[in-house]
Protein chains: 2
Amino acid sequence: MSRFDSLQCPIPIADYPIVLLAHGGGGRLMHELIERIFRAAFHNPLLDTQHDGALLPLDGERLAFTTDSFVVHPHRFPGGDIGTLAVYGTVNDLLMCGARPRYLSLGFILEEGLPMETLWQVVCSMRDAAERAQVQIVTGDTKVVDRGKGDGIFINSAAIGTVAPGLQIGPTSVRPGDVAILSGDVGRHGMAVMAVREGLEFESAIESDCAPLTAPVMALLEGGVEVHCLRDLTRGGLASALIEIAMARQLTVQIEERAIPVDGEVRAACEILGLDPLYVANEGRFVAFVAAQDAARALALLQRQPLAANAAIIGEVTAEPQGLVTMRSVIGVNRILSLLSGEQLPRIC
Amino acid sequence: MSRFDSLQCPIPIADYPIVLLAHGGGGRLMHELIERIFRAAFHNPLLDTQHDGALLPLDGERLAFTTDSFVVHPHRFPGGDIGTLAVYGTVNDLLMCGARPRYLSLGFILEEGLPMETLWQVVCSMRDAAERAQVQIVTGDTKVVDRGKGDGIFINSAAIGTVAPGLQIGPTSVRPGDVAILSGDVGRHGMAVMAVREGLEFESAIESDCAPLTAPVMALLEGGVEVHCLRDLTRGGLASALIEIAMARQLTVQIEERAIPVDGEVRAACEILGLDPLYVANEGRFVAFVAAQDAARALALLQRQPLAANAAIIGEVTAEPQGLVTMRSVIGVNRILSLLSGEQLPRIC
């Protein structure tokens with residue numbers, strides 16, 4: 001982009017004069033926002049890798065660096081809270097770069113009137129989560145905004161990790177023939193939050209899958225599997241993650257619907273709310289693209305990990321240069337998965 | 001703190017059952033919040049250095065890592081906007097660790113309904129600020145919250161810098177005899193924002209001092225000055241920064257009121273609003289504690305820098321172990337500066 005364009009806002013004002021909730025939803029509008037506003041202004045080779053974090057050359061050593069803000073509503077849900085998410089979400093983004101998480105920063109934006117007890121509970125969740133994820137919280141910041149200008153508690157976390165020599169993990173390393181492995185059932189996190197928000201009652205509460213992916217990812221990397229790309233299935237769910245990778249590489253990802261595990265109660269909740277579980281956010285699931293010759297071994301390594309015991313091969317990469325994800329349904333019909341314009345569920349993380 | 005204490009909130013509920021604006025103000029309540037909630041839960045040797053950022057040992061190389069969130073209201077003020085602050089504020093925190101800023105992450109929390117044009121202007125400010133501060137924006141994240149649950153735009157930035165071998169800059173390195181040098185006049189940023197917020201009119205608008213401190217700090221470090229501590233004078237202003245250092249080291253800092261430059265219109269605005277300029281936030285000023293034998297040279301090096309042309313020696317460190325800041329007023333009376341309970345000005349950064 002030329003410097004001289006900068007006076008004019010690159011998102012046509014006629015189309016979107018204001019920010020919509022959908023601009024934060026992980027779908028088409030969010031892509032547009034990132035491409036036309038953030039990348040247009042900030043583009044540089046490191047940012048342009050379009051991955052969950054940045055790999056930073058620093059005098060020989062490679063670091064990974066990532067950031068994420070958390071605005072989930074409600075703050076607490078079965079299986080976790082905003083503090084758990086703020087640790088695991090950011091740690092998982094580092095792992096998706098093939099990095100071992102090391103250091104975490106925390107930025108709190110508190111709304112005047114937040115019960116001190118709530119803050120303490122969130123902070124305790126974060127301490128336990130950091131311990132479980134084997135990451136050190138090393139610096140932080142707190143701001144307080146006036147009543148009605150926030151929503152209790154927002155948390156940003158940024159993290160630094162180190163990357164073993166030789167690893168090149170990211171969408172650009174995906175190639176035809178790669179096998180896609182999913183680490184477990186999908187849709188739990190989004191449905192756990194929505195069930196609380198909407199007051200849905202099931203026989204047993206749907207638990208969020210939120211968890212640190214350190215152990216299963218390290219099992220792959222230390223097991224010597226040729227891993228080409230890792231992606232956690234957060235906002236936009238499995239479908240959006242696969243579509244982003246297919247688009248980035250201009251290849252086709254072909255998946256099998258029957259291979260994708262979805263819990264019965266998650267499916268029921270999705271049906272009540274008219275949602276597709278493939279687009280629902282997860283906070284402890286990822287997809288790994290691995291070289292075909294390593295697929296069986298990768299699957300076995302994952303299935304030995306408690307957090308990936310239900311890992312499954314869900315598809316493969318083909319050379320068709322359409323940048324599409326096609327899914328063969330349980331009745332054998334192929335359909336193309338498309339990026340939603342927003343997200344089905346706002347404020348899920 | 002023992003693990004077994006963790007079920008009970010360590011800020012007495014009877015005193016502060018809810019978060020107050022003052023808990024974000026850089027004063028006594030914020031100290032309590034950090035000590036009793038955040039440090040109680042997260043304490044570790046790196047966090048316990050109580051500096052603006054963390055120095056991270058990483059296989060020989062030392063990194064500095066810091067984070068800051070920005071919630072300034074209004075978003076734009078004479079001399080800058082929330083985007084400028086989000087770059088300079090975080091870069092300056094790294095410099096206060098003696099680090100050269102390298103990489104920046106950005107986390108946006110946008111409120112539904114924010115004009116897209118406003119976002120674009122802020123993003124352009126950040127691009128220009130990053131260029132001026134010589135830092136690369138390498139990763140980011142965006143969340144959108146529903147109307148009435150935010151305030152247009154909040155920004156978190158985190159940054160990584162590298163630290164030259166041998167440097168030990170921080171409150172713990174301050175010692176008796178050290179000379180305190182202030183890099184310029186104080187109170188501009190806070191008064192620039194307040195003048196807009198309160199509709200105060202002066203002959204000329206008060207301009208924020210917000211600026212990247214890269215050049216003056218590097219002039220000291222590369223000039224071989226024995227720098228013991230650097231502190232930028234943000235929330236809580238000059239007075240709070242000095243008090244924090246005196247408390248951390250349990251030494252006394254003695255300063256001269258007449259040596260502290262305050263612009264005439266800043267002083268006038270402070271008088272109208274009943275504020276003390278020593279407690280007003282700055283975004284481009286710092287205090288350096290240097291070894292006495294290097295003080296004159298340090299002052300000369302700073303005065304050669306446009307951003308520190310009015311640098312002045314304002315006091316020295318004495319061995320009295322009270323952890324106090326004492327100021328001799330223009331009429332020769334000594335008084336003790338105390339930490340305010342909140343900040344005079346909420347949402348100034």
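A residue is called buried here if 20 or more other C-beta atoms lie within 10 Å of its own, exposed if 12 or fewer do, and partly exposed in between, with C-beta atoms placed from the backbone. The model is predicted: local features need pLDDT of at least 70, side-chain atom pairs count only at pLDDT 80 or more, and totals for chains, interfaces and linings use all residues. Residues are numbered from 1 along each chain as its sequence is written, and chains are lettered from A and ligands numbered from 1 in the order in which they are written.

The relation of the two chains comes first. Chain A can be laid on chain B by a turn of 180° and a shift of 0.0 Å along the axis, with an RMSD of 0.0 Å; the superposition is by least squares on the C-alpha atoms of residues with pLDDT of at least 70 in both copies. That is the relation of a two-fold axis. Among the residues of chain A, A:G150 comes closest to this rotation axis, its C-alpha lying at 2.1 Å.

The chains touch through 72 residues from chain A and 72 residues from chain B, where a contact means that the C-beta atoms of two residues, placed from the backbone, lie within 7 Å. On the side of chain A, the elements giving two or more residues are α1 (28-42), β1 (54-58), β2 (61-70), β5 (99-111), α3 (116-133), β6 (136-145) and β7 (153-163). Such elements are DSSP runs numbered from the N terminus, helices being H or I of at least four residues and strands E of at least two. The largest share, 10 residues, comes from β6(A). By class, this side of chain A has 41 nonpolar, 19 polar and 12 charged residues. In that count Ala, Val, Leu, Ile, Met, Phe, Trp, Tyr, Cys and Pro are nonpolar, Asp, Glu, Lys and Arg are charged, and the others, Gly among them, are polar. Because 100% of the interface residues of chain A are also interface residues in chain B, the copies meet through the same surface.

Within chain A, helix α8 (residues 295-303) has A:A295, A:A298, A:L301 and A:L302 as buried residues. These cover an arc of only 125° around the axis, which puts them on the same side of α8(A); the arc is that of the directions from the helix axis to the C-beta atoms. What do the buried residues of α8(A) pack against? Their partners are β8 (179-182), α5 (214-222), β11 (286-290) and β12 (312-318) of chain A. Exposed residues A:A296 and A:A300 sit on the face of α8(A) turned away from its buried side.

In chain B, the packing of α5 and α8 can be described in detail. Two packed helices are described by the angle between their axes and the distance between the axes. Helix α5 (residues 214-222) and helix α8 (residues 295-303) of chain B pack at an angle of about 145°, with their axes 9 Å apart. The axes are lines fitted to C-alpha atoms, for helices over the stretch in contact, and angles run from 0 to 180 degrees between N-to-C directions. B:P216, B:A219 and B:L220 of α5(B) make the contact with B:A298, B:L301 and B:L302 of α8(B). These residues divide into 6 nonpolar, no polar and no charged.

Helix α5 of chain B also holds B:T214. With 21 C-beta neighbours inside 10 Å, B:T214 counts as buried. Leaving out residues up to four places away in sequence, B:T214 touches B:V91, B:L95, B:P101, B:A133 and B:Q134.

Helix α4 (residues 188-198) of chain B is mostly covered, with 8 of its 11 residues buried. The buried residues of α4(B) pack against β3 (76-77) and α7 (264-273) of chain B. Just after α4(B), B:G199 takes a positive phi of about 70°.

Some backbone details remain. Most residues other than glycine have a negative phi, and most peptide bonds are trans. The peptide bond from A:H73 to A:P74 is cis, with omega near 0°, and A:P74 lies in the loop between β2 and β3 (76-77) of chain A. In chain B, the bond from B:H73 to B:P74 is cis, with omega near 0°. A:Q134, in the loop between α3 and β6 of chain A, has a positive phi near 55°. A:Q134 is partly exposed, with 14 other C-beta atoms within 10 Å. A:R347, in the segment after β14 (334-337) of chain A, has a positive phi near 55°, and with 21 C-beta neighbours inside 10 Å, A:R347 counts as buried.
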